[in-house]
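Q: I'm new to this one and would like a close look at a single part of it. Could you walk me through how the charged side chains pair up?

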Amino acid sequence: MPREKPSYRDTLDRLDAAFPGREIIQKKELSKFLGLDVRTVKKYFSTCESKLHPGYCKTKVARILADRRREK
């Protein structure tokens with residue numbers, strides 16, 4: 001069974017604090033939170049499969065950010 005990255009929970013907590021009560025984050029909101037251009041967010045993050053609420057799942061975003069984060 002794979003283990004989660006050490007920074008996954010911290011990243012998910014930060015996302016929960018920034019977007020309380022929501023599981024889906026819109027592209028513009030995520031780009032503002034990360035300080036990235038909208039095109040960069042679209043390139044590196046995949047959207048959720050929900051047709052009713054298109055956007056980015058907080059859990060997927062936290063996983064991608066935890067994978068990309070380099071430990072010092």
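A: Searching the whole structure turns up 4 salt bridges, a salt bridge being a side-chain nitrogen of Lys or Arg within 4 Å of a carboxyl oxygen of Asp or Glu. Keep in mind that this is a predicted model, where local features need pLDDT of at least 70 and side-chain atom pairs count only at pLDDT 80 or more, while totals for chains, interfaces and linings use all residues. Residues are numbered from 1 along each chain as its sequence is written, and side-chain values use heavy atoms, with hydrogens and water left out.

As background, side chains of opposite charge can pair when their charged atoms come close.

One of these pairs is Lys58 with Asp16, whose closest N and O atoms sit 2.7 Å apart. Lys58 belongs to helix H4 (residues 58-68) and Asp16 to helix H1 (residues 8-18), so this bridge ties together parts that are 42 residues apart in sequence. Helices here are DSSP runs (H or I, at least four residues), numbered from the N terminus.

Now stay with Lys58 for a moment. Its relative accessible area is 2%, so Lys58 is buried; buried means under 20%, exposed means over 50%, and partly exposed is in between, using a 1.4 Å probe and protein chains only. If you skip the neighbours within four places in sequence, Lys58 is in contact (heavy atoms within 4.5 Å) with Leu12, Leu15, Asp16, Phe19, Arg22, Glu23 and Ile25.

Arg22 from that list has a salt bridge too: its side chain meets that of Glu29, at 2.4 Å from N to O. Here Arg22 is partly exposed at 31% relative accessibility, and Glu29 is partly exposed as well, with 28%.

Another pair is Arg9 with Glu4, where the closest N and O atoms are 3.0 Å apart. Arg9 counts as partly exposed at 47%, and Glu4 is also partly exposed, with a relative accessible area of 43%.

Cys57 is joined to Cys48 by a disulfide, S to S 1.8 Å, a disulfide being a pair of cysteine sulfur atoms within 2.5 Å. The whole structure has 1 disulfide. Cys48 is buried, with a relative accessible area of 8%, and Cys57 counts as buried at 17%.

Conventions: Helix = DSSP H or I, 4+ residues; strand = E, 2+ residues; numbered from the N terminus.
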